[in-house]
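Here are a few notes to read alongside the structure. Keep the viewer open and look up each spot as you go.

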Amino acid sequence: MDVKALLEERIEDKFIRYCLVDTTSVVGAGKTPSSEGQWKLAGILADELNALGVEGVTVTDKCFVIGRIPSNVEGSPPAIGFMAHMDTVEGVPGSDIRPIIHRKWDGSPIKLLDGVELGLHTSPELRYAIGMDLVTSDGRTLLGTDDKAGIAQIMHAVCLLLKDKGKKHGDVWIAFTPDEEGAGGIEHFPVDIFGAKRAYTIDGGIIGDFQDETFTAVNGHMKVFGLSNHPGTARGRMTNAVHLMAEIISLIPAGERPETTSDREGFIHPTDITGDVEMASCRFIIRDFEMDKVLRREKSFVEAARSVVSMHKGARLEWHSEVSYKNMKEVLDKEPRISELARKAIIEEGLKLDERPIRGGTDGSRLSYMGILTPNLFTGGSDSHSRNEWACVQWMESGSNVLVRLMGLWAEEK
Ligand SMILES: [Zn+2]
């Protein structure tokens, strides 16, 4: 596309173009990016950034797309980064996506293929989107709002900044990243070539939401060992590891599971289990918002498990765990203006600020500990990782306006 067409293009056209590329990531692929489609999207994005005249456009050997718009103000305000991830989650079909635009949606249920339905009964937050233009898939696939709405917002914001030289900004760094959905891409983030130490991921939810707090995450792997014997002669000789693991899992209180908790409540969650009489293995994820809480939760669970095992002849337990990511707030609190200016930009844009902690992690929760402080702004859609996934065109536009306004606020900082 030529530069004029790109500059004048509607955000929905950008968004749909990115959605059409299958970028499903593959956990356990053993390489970054984990799928070929991410190279394809990276190529498209790099070409567009180059066509627009963005400087230093690079696609790294791990498929990170990086670019920069130089400052247009006197002095040296802090460089700011905007990031969004290119991959979509596996487990929901992500190829042959056929987006549908529902113009001026009237609030009635949207019926898609394969019995997929979307409406106020499935997603109450859609009540704020009545009268707007919604984008969905046709029901056979996910749409890719997570996170192509983030990419579209950034691209549209780049166009707004380049079109209107009157918009003040310091250095703007752009990064489109691979493999956010569980495949560990962010570990390879090119911190050395990205010139900003303060950034925002655009990977949140509905209009106005902002997040600078994530879970602190412990991932654990438990093995319990029993004693095998012929079932006919097992009395007094067999210890069945399957029963041991079942007993251990039953120790998790009903009220401390993902399916029964919300807001700031933590949980223990067995994610997969295999086993036989001699050995049973189960992986657990343990989540809370504070490090000491998550470690306490882990300790009391493992102690209880050990006491179960100690009551059975010949039984033994192994537990290995690691901190997978930490609540970004701990480091973001070192420079509160990063969050404050984001809140201000949302409010000055006339939007209702909606702040709640993320019950999960973002790339920012790793990046913030890698030296780039990175809270999270809204994408303008929701129901990620599902066939009901949707995006609101006007909300994505508002998102781009927030980014431009945010750059204006940073332009006045030192
Ligand atoms: Zn995402």
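Predicted model: local features only at pLDDT ≥ 70, side-chain atom pairs only at ≥ 80, totals over all residues.

**Notes on the model**

1. Start with W39, which is partly exposed because it has 16 other C-beta atoms within 10 Å; to count as buried it would need 20 or more. You'll find W39 in helix 3. Leaving out residues up to four places away in sequence, W39 touches P33 and C63.

2. Is G37 buried, exposed or partly exposed? It counts as partly exposed, because it has 19 C-beta neighbours inside 10 Å, and the cut-off for buried is 20 or more. Setting aside its neighbours within four places in sequence, G37 is in contact with V21, D22, T23 and T24. Take V21 from that group: it is 16 residues from G37 along the chain, and their C-alpha atoms are separated by 6.6 Å.

3. Most peptide bonds are trans. Here, though, T32 and P33 are joined by a cis peptide bond, with omega about 0°. D147 belongs to helix 4, residues 145-163.

4. Most residues other than glycine have a negative phi. D96 isn't a glycine, yet its phi is positive, about 55°. Look for D96 in the loop between strand 3 (80-85) and strand 4 (100-102). D96 counts as exposed because it has 11 C-beta neighbours inside 10 Å, and 12 or fewer is the cut-off. K104 also has a positive phi, near 40°, and lies in the loop between strand 4 and strand 5 (110-111). With 9 other C-beta atoms within 10 Å, K104 is exposed too.

5. Which residues of helix 5 are buried? In this helix, residues 241-249, they are A241, L244, M245 and I248. They lie on the same side of helix 5 because they cover an arc of only 95° around the axis. Among the elements covering the buried residues of helix 5 are strand 11 (216-225), strand 12 (267-275), strand 13 (279-288) and helix 6 (291-310).

6. Follow helix 5 over to helix 6. Their axes come within 10 Å and cross at roughly 145°, and the crossing is right-handed. Helix 5 brings L244, E247 and I248 to the contact, while helix 6 brings A305, V308 and V309. Sorted by class, that contact has five nonpolar residues, no polar ones and one charged.

7. Finally, zoom out. The protein chain is divided into domain 1 (3-213 + 327-411) and domain 2 (216-323). Taken over C-alpha atoms, the centres of the two domains are 38 Å apart. How many residues make the contact? Four come from domain 1 and four from domain 2. On the side of domain 1 that touches domain 2, one residue is nonpolar, two are polar and one is charged.

Key: Residues numbered from 1 in each chain as written. Helix = DSSP H or I, 4+ residues; strand = E, 2+ residues; numbered from the N terminus. Arc of directions from axis to C-beta. Contact = placed C-beta atoms within 7 Å. Domains from an automatic or database assignment. Nonpolar A, V, L, I, M, F, W, Y, C, P; charged D, E, K, R; others polar. Axes fitted to C-alpha atoms, helices over the stretch in contact; angles between N-to-C directions. Left-handed = near helix turned anticlockwise from the far one by under 90°.
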